[in-house]
Amino acid sequence: MIVRNVVLCIFAATMLGCGNSAPPGVSSGQHQVDSKTGLIKRNLDQAQIKRGESVYNANCIGCHGPNGEATPEWRKPGVDGKYPPPPLDSTAHAWHHSTDVLKKTILKGTPPEIGSMPAWEGKLTEQQVDDVIVWIKSLWSDEIYDIWFKNFEGK
């Protein structure tokens, strides 16, 4: 019985290890620490970044700006009480969210009492959403990406 349980545990561990639970644009084991800087090295798919940029330019640029920088007053609610679109680069809070939260926000939009971001579910494919998220991550500085990865994805 003990041998059977050990074999089952090894089998389960092996099978669980085979799944790719990494965020979009990241394969398991891709992230390594740079020995010179101590920061996580990014290995984002360049083709995915390019596709994400195209999706962004077609759908998001009008609100979040050409390079994800948004507007200077993004922290101040408008007359309607809603916050304007935040920057998506290293200067705001997009990097304070996991890949799953970023994806949910894109698909479902923001709560109507907080912001005006529409839901993109049914308008963008899952691949397009994943691509734009990888493009957004490509905007972050190495230091911000390192902090984000260690706090949200690397656990």
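What follows is a short exchange about a predicted model.

Modeller: In this predicted model, local features need pLDDT of at least 70 and side-chain atom pairs count only at pLDDT 80 or more, while totals for chains, interfaces and linings use all residues. Residues are numbered from 1 along each chain as its sequence is written, and side-chain values use heavy atoms, with hydrogens and water left out.

Colleague: In what order do the elements of the protein run from the N terminus on?

Modeller: Helices (H or I, at least four residues) and strands (E, at least two) are taken as DSSP runs, numbered from the N terminus. The protein has six helices and two strands, and their order is α-β-β-α-α-α-α-α.

Colleague: Is Tyr145 buried or exposed?

Modeller: Buried means under 20% relative accessible area, exposed over 50% and partly exposed in between, with a 1.4 Å probe and protein chains only. Because its relative accessibility is 0%, Tyr145 counts as buried.

Colleague: How do the rings of Tyr145 and Phe149 pair?

Modeller: Rings of Phe, Tyr and Trp (its six-membered ring) pair if their centres lie within 6.5 Å, and planes under 30 degrees apart count as stacked, over 60 as edge-to-face and the rest as tilted. The structure holds five aromatic pairs; in the one formed by Tyr145 and Phe149, the centres are 6.4 Å apart with 15 degrees between the planes, and the pair is stacked.

Colleague: Why are Tyr145 and Phe149 separated by about one helical turn?

Modeller: Both residues lie in helix 6 (residues 142–153). Tyr145 and Phe149 are separated by about one helical turn because, within that helix, they are four residues apart.
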